[in-house]
Amino acid sequence: MTPGNEHTTDPVDLFIIGGGINGCGIARDAAGRGFSVTLAEKDDLASGTSSASTKLIHGGLRYLEHYEFRLVRESLIEREVLWGMAPHIIQPMRFVLPHHKGLRPKWLLRLGLFLYDSLGGRKKLPPTATRDLATDPLGKVLRPGHGTAFEYSDCTVDDSRLVVLNARDAATRGAMIRTRTKVTSAQREGAVWRIELTDQISGAEETVFARMLVNAAGPWVEQTFKGQPEAHAVRLVKGSHIVVRKLYDDPRSFFFQNADGRIIFAIPYKREFTLIGTTDADFAGNPGDAEISEGETDYLIAAANEYFATPIVRGDIVWTYSGVRPLYDDGASKAQEATRDYVLKLTGEAGVAPLLTVIGGKITTYRRLSEEALGHVQTALGARGGDWTAGAGLPGGDFAVEQFGEKIAQLQRDYPFLSESDSWRLVHSYGTEAWAILGNATDAEALGRAFGAGLYAAEVDFLIEREWVRTVEDVLWRRSKLGLHGEQIDSAALDAYIAAALDRSGTKAAIAQR
Ligand code: FAD
């Protein structure tokens, strides 16, 4: 049984709507302080915006242009805090920003990067350097004519695994995490919330009670209380990415400026691919239906082709994804100018059950947002303990950031039948928990049924038992990105295997979600 999933009818201290990074981060922080917590996610963990990001733990260089110094400083500091907590799923990355005559002047880029290096928190990440793309090997992948470039540091993250690891740690500390469970209504009954839930698989309905409610429904945050005073307006902004086969053999990423003032990233992704994004477009409709438009695809291809020597074409695209940012509506006219900062609203006068609404936020700032949320929770429910999450490692992340390469080599020494790329994938995804998945295996057969692309039953069992996996899509697109190797995977066999395993454990597969 997934840890923490015992049911109770007594009011919990905190009920959280939404299993994205913010909901799971708040659940973990609150459970660690001793609050009783239930979190409901209508679909799979990280199935909303939190699996559709550019996958950066970054200060946000371009937010400096909008004078968002508070947000940038907090984000810059968080980079090394989060890297230390999860050195398996978070990796340092160098970004190369070619200078362009006619776009932002050199002095402005130098000033921005000087601020970026010095605003705070950088201890291990190397500082900005100047490069000459006429001589740097990376220059060869670009169209001729590029000279000066600036190279700076940020980090990349496996965003959906960051969500799941927070949920797991929350559950270990006593939180009840309920996936495929939709909140259909929430009403105050004096000092408690009465919350109606519907199981998205069985259709079963249930009523639960809580002393405080947190609305962390991301882009659905306004819909949760539509037409009621608790609804807070958000501006929905869609962003899309394309993924193509690896465009170049260098570990560094590009930060390209476009003639329209926007920027796009080209990032080495899962070793065999390049991730290109993002766009920024106002969005209306159901956030779950967001997908890349023809115009966005053309825009990203054209932006990349302004720079790369070998042009990409539509046929090169192996995957696309889109997410919807729930931004605080600050009245900015352009989508890319709306603030990326988060806003927490506490409502409910004395004697009435409190509601905390989470609006906006970045993957990068989820831990600080959670601490601030807990400040409000403690104001409403009484103090339980101080901030504790900085430095408290996430599952599998109990090693020093410098040891990442050594862990991959060690896993391969301990399990010589693994290829180097399998070993890399397992350490990158599970850190020190890779050893728990592989157990006493001395050959690949001992890991059980093979589904292709290095995926075996032992890993699937781990994901079902510990990470709330219910469908093939959960495995291939959120707990891993093995979906990128879809042609090698026997999805029908994986589907049957998951269904049988859930059947044995008495848990229903999410048939309704397929
Ligand atoms: P979500 O992840 O959307 O979580 C909300 C959850 O609530 C969903 O899973 C949903 O299913 C659930 N839910 C909704 N209604 C209900 C209900 N009634 N009952 C139960 N569950 C419900 N940030 C960075 O730091 N770095 C980046 O590189 C970056 N890139 C981005 C690129 C794009 C294109 C976008 C769109 C965002 C990016 N961000 C980035 C921002 C970041 O992804 C988001 O701010 C963050 O994921 C929001 O998390 P959340 O938990 O608030 O929302």
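Which residues does Phe15 touch, not counting residues up to four places away in sequence? The first legend gives the list.

The model is predicted: local features need pLDDT of at least 70 and side-chain atom pairs count only at pLDDT 80 or more, while totals for chains, interfaces and linings use all residues. Residues are numbered from 1 along each chain as its sequence is written, and side-chain values use heavy atoms, with hydrogens and water left out.

**View 1. Phe15 and its contacts.** Phe15 is found in strand β1, residues 12-17; helices (H or I, at least four residues) and strands (E, at least two) are DSSP runs, numbered from the N terminus. Not counting residues up to four places away in sequence, Phe15 touches Thr38, Ala40, Val183, Ile195, Leu197, Val208, Ala210, Met212, Leu213 and Val214, where contact means heavy atoms within 4.5 Å. Phe15 and Val214 are 199 residues apart along the chain, yet their C-alpha atoms are separated by 6.1 Å. With a relative accessible area of 1%, Phe15 is buried (buried means under 20% relative accessible area, exposed over 50%, partly exposed in between, with a 1.4 Å probe and protein chains only).

View 2. The ligand is surrounded by 37 residues, and the closest are Glu41, Ser50, Leu56, Gly361 and Thr364; a residue is near a molecule if one of its heavy atoms lies within 4 Å of it. An oxygen atom of the ligand lies 3.2 Å from a backbone N or O atom of Ile21. For Thr49, a backbone N or O atom is 2.9 Å from an oxygen atom of the ligand. The protein covers 97% of the 1,000 Å² of accessible area that the ligand has on its own, by the Shrake-Rupley method with a 1.4 Å probe. By class, the shell has 12 nonpolar, 19 polar and six charged residues. Here Ala, Val, Leu, Ile, Met, Phe, Trp, Tyr, Cys and Pro count as nonpolar, Asp, Glu, Lys and Arg as charged, and the others, Gly among them, as polar.

View 3. Asn22 is found in helix α1. An N or O atom in the side chain of Asn22 is 2.9 Å from an oxygen atom of the ligand. At 12% relative accessibility, Asn22 counts as buried. Not counting residues up to four places away in sequence, Asn22 touches Ala216, Val358, Gly360, Tyr366, Leu369 and Ser370.

**View 4. Asp44 and two arginines.** Asp44 is found in the loop between β2 (37-40) and β3 (56-57), and Asp44 is buried, with a relative accessible area of 0%. The side chain of Asp44 makes polar contacts with the side chains of Arg478, at 2.6 Å, and Arg479, at 2.7 Å. A polar contact is a pair of N or O atoms within 3.5 Å; within protein, one must be able to donate a hydrogen and the other to accept it, and residues adjacent in sequence count only if both atoms are side-chain atoms.

**View 5. Helix α11 and its cover.** Six of the eight residues of helix α11 (residues 472-479) are buried, so the helix is largely enclosed by the rest of the structure. The buried residues are Val472, Asp474, Val475, Leu476, Arg478 and Arg479. Their cover includes α4 (159-172), β20 (455-456), α10 (457-466) and α12 (491-505). At the start of α11, a side-chain oxygen of Thr471 reaches to within 3.3 Å of the backbone nitrogen of Glu473.
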